[in-house]
Every structure is written in structure tokens, then in C-alpha cells.
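Here is a note for a colleague opening this structure for the first time. Please read the points with the model in view.

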Amino acid sequence: MNQSLEDRFKQVRSQSEQFCESLEVEDFGLQAMPETSPAKWHLAHTSWFFETFIIKAFNSNYTSQWPGFEVLFNSYYNSIGEQHPRAERGLLSRPTVRDVLNYRADITNRMLDLLQEGDEEVARLTELGLHHERQHQELFFTDLKYNFSRNPTWPAYRSDRPESADNSLTHEWLEYGGGEASMGHNGEGFCFDNETPGHKVLLQDFAIASQLVSNGQYLQFMTDDGYRRPELWLADGWATVQDQRWQHPLYWHQVDGEWFEFTLYGLIPLDLNRPVTHISGYEADAYCRWADCRLPTEFEWERAAQEATFGGQLLEQDIVHPWHNTPGQLFGSAWQWTSSAYGPYPGFRADPGAVGEYNGKFMANQLVLRGGSCVSAGDHIRASYRNFFYPPDRWQFTGIRMAKWL
């Protein structure tokens, strides 16, 4: 078991560094808004996690060689101590990128030494740390994309844009009978505490769309004055549209009458059949109202995913934009908004200690998303996985899957 864990530990740690290989040193410190973090900060924070929760706890002889890092790279763990202000992470020109990479190497080596000892609690926390790093790998891509998007030269993270995919739309509905259904993690393999405990819910008969909403379908919503019709919007959503002056998805740009989309491959022509992405929860809800449908609940989505074949466009395909809109595939390409408020399951208890701050304290004012995206690793996503964001958020790879009652 430990050898397998060591191999996965080395793989995930090295991948985070490989994702940065095409960056220039100037790219590592970009932070275009408080919600995003610099690439350098992600590299350091994921190391801080292993150092704080495992190395310091299980190595009595450990003395940190990195004074100040406990504050600089603490994200939100109040029980650990102070944190550097989130909105000022881009000001941290020191420590340098070289310092952070040396820090990562030191923490990786110390972790490998601890894993050799075979302690079960070290193994459990290491598993949590690996999934934590998977989440920050996603954030690396989404944050870098937003940061690059503020540059009027449209810089590309990668130049190897793939060929166009065959994304013919089928407009089919997948139907499911109602009744009692089991939700939550089934007890096999890793899960976060917010996926527990398993419990029963009562569902009505429903149908869920076989494909994600496409760029072309969303363009029809825009053409039909979707952003100018208050009857389609939740009150908070309409207020946000007016305040932010939204007229289209986050990365869409019209040039000489033609629509383009900014991607990690740079600015490219809008493909009408690809999944629409970087959509807020408010926009997703408004589109569904316009289409005379609705967003699924998280439990309807999970019920459908329990029968779906796992796969889809995930990180392993190495395409850093939603490229595929495969019928019947519920996983991958873009995270899917649900209408469900992010809250605790019946009987929920956060993990003990400081790691209990990981999920539970955010159970307010957010919506659940399901399914993973093009930058989610396949070993990180499952039917019970619950992601969560605030309804106005748009910088994540978020899309729309419609549902309806039968």
C-alpha cells in the first residue's frame, strides 16, 4: 500500500511542476483579482499543507528551514495561525521562484522519508494532501487563464491546439424514475468529509440532458436578449448582470462581427458545438429558464452519474479547454452547476483538528457543482464528489447541463 502511495505522491508532486515548465519567470507571480492566486503561491501552498499537517506533526526532530512560510502560504486555516492577505499574494516577489522550488524539493523528500515508516495516519493525511494538490492543479490552470486574459496581447499558455472534435448535438434526454435513492460516498476509496455520511433522498421522476449546453445554444440565448430580460433571472443574478454589465460569457470577444474565445491556447474562433464554459451559476439558471428547463439538483445529477460510464474529457486527455461534448457522458469537460445549496448531509461531521476547516466552514451561500472539468484528474473525480462555488463565479471551467421533471 505504502509503495503505491509513494508512487502516486511522486507523480502528483512532479506533475504540478511539469505544468509550470512552459511559464516564464514573470508569469509565476500574476494575480489579476483577489480570487485567483499566482502559480508560485499554488506550488508553495501545496507544500505548506504537507509540512504543516504531516511533517510537523509526525517528525519530532523537524525544524523548518523556511521561516515565514507558515504565514505566507497558509490559505484559510485560522486554527493554524495568521495568513498573508489573499488579495496580496501577487506582491510576494520574495521568496523567489527558485526558493519555492527548493522548498518543494525539501518537503517532497521529507515526506518520502515519512512514508517509508508505514504509519497509517500519515498515509491517510497524505491521501488528503494529494487530493488537495489535485484541486490546486485545477486552480493553477483556471487562475493562470484569468491572469493571462487581462493581457491585451492574448498570451497562450500552450501552442499545441488540438484538431477540432466531432461534437454533433443530439438533444436527447436521459430519463430516471423517482423514488428513494442512496447518495454520498459508498465507503470505498478516498472521499472528502463533505461527501459523507451516505444517506437516502427521495427523488421525483426526472430527465437530464445527454450533453452539455453548447456555445451555439448559448449564443441563441444571447441573441434572444437573454441578458436584457429580467424575468429570466434570479433577483441577485439580475443585480449582478446590471452591476457587472455582463453581456456574454467571461472569455468571449467579438472581433469584426465574429465571435472568438480566449483559451489557454490563446484567442481562437468560437466553436459553436463545444460546451459553453466559464458560466456563472446565475447565467446557468437564466439560460435554463429561457430554455423552459431547469438546473438539476445535485442528487439528480448523482443519481444519473451512478449509472453513467466513468470517463470524458479529463486532465489525462491533455487538452486544457472543454473540447468534447460527448452524448451520455456526465463527467469531464466542464463543471456543471446544480440548483442545490452547498450544505451538510444529515449527520455530517467535519474531520477532527485543523483539517476540519477544509470544507465544513464554507457551507453557506454557495452552490454545488458536479462532474469535473477538462483540468480535473481522473483519479480525483467520482460520482459523489461535491465542488462548490459562489453563484457569480465565472473564472472556473463551469458549464450547464439542463434537467426537467417528467
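1. In which loop is the place of Pro95? Pro95 sits in the loop between α3 (69–72) and α4 (97–115). Helices (H or I, at least four residues) and strands (E, at least two) are DSSP runs, numbered from the N terminus. The peptide bond from Arg94 to Pro95 is cis, with omega near 5 degrees.

2. Some ground rules. This is a predicted model, in which local features need pLDDT of at least 70 and side-chain atom pairs count only at pLDDT 80 or more, while totals for chains, interfaces and linings use all residues. Residues are numbered from 1 along each chain as its sequence is written, and side-chain values use heavy atoms, with hydrogens and water left out.

3. Overall form. The chain has nine helices and twelve strands. Its C-alpha atoms fill a box of roughly 65 × 55 × 40 Å, taken along the principal axes. A compact globule of 406 residues would have a radius of gyration near 22 Å; the chain has 21 Å, which agrees. That radius is taken over C-alpha atoms, and the globule rule is 2.2 Å times the number of residues to the power 0.38.

4. Buried residues make up 57% of the 406 residues. Buried means under 20% relative accessible area, exposed over 50%, and partly exposed in between (1.4 Å probe, protein chains only). Of the contacts with a separation of 6 or more, 79% join residues 24 or more positions apart. A contact means heavy atoms within 4.5 Å. The accessible surface of the chain comes to about 17,600 Å², and 47% of that belongs to carbon and sulfur atoms. Accessible areas come from the Shrake-Rupley method with a 1.4 Å probe; for residues, only the protein chains shown count as cover.

5. Backbone exceptions. Most residues other than glycine have a negative phi, and most peptide bonds are trans. A cis bond joins Thr196 and Pro197, with omega about -10 degrees. Pro197 lies in the loop between β2 (179–183) and β3 (199–203).

6. Asp256 has a phi near 50 degrees and is found in the loop between β5 (252–255) and β6 (258–263). Asp256 counts as exposed because its relative accessibility is 79%. His278 has a phi near 60 degrees, and its place is in the loop between β7 (266–269) and α8 (281–290). His278 counts as buried because its relative accessibility is 0%.

7. The helix α8. Is α8 mostly covered or mostly open? It is mostly covered: eight of its ten residues are buried. Among them are Gly281, Tyr282, Glu283 and Asp285. The cover over the buried residues of α8 includes α6 (215–223), α7 (235–244) and β8 (335–341). Just after α8, Asp292 takes a positive phi of about 60 degrees.

8. Pro391. This residue lies in the loop between β10 (387–389) and β11 (398–399). Pro391 counts as buried because its relative accessibility is 12%. Leaving aside residues up to four places away in sequence, Pro391 touches Ser280, Gly281, Tyr282, Trp337, Asn365 and Leu367.

9. The second largest pocket. A pocket is an open set of points on a 1 Å grid over the protein atoms alone, with protein on both sides within 12 Å along at least five of seven lines; a cavity is a set of points where a 1.4 Å probe fits but cannot get out; lining residues have an atom within 4 Å of a point. Grid points are joined across faces, edges and corners, and a volume is the space filled by probe spheres set on the points. The second largest pocket has a volume of about 260 Å³. It is lined by 13 residues, and Arg124, Glu127, Leu128, Phe190 and Cys191 lie nearest its centre. The largest share of the lining, four residues, comes from α5. By class, the lining has seven nonpolar, one polar and five charged residues. Ala, Val, Leu, Ile, Met, Phe, Trp, Tyr, Cys and Pro count as nonpolar, Asp, Glu, Lys and Arg as charged, and the others, Gly among them, as polar.

10. Cavities. There are four cavities of 30 Å³ or more. The largest cavity has a volume of about 70 Å³. The elements giving two or more residues to its lining are α2 (39–58) and α5. That lining divides into five nonpolar, five polar and two charged residues.
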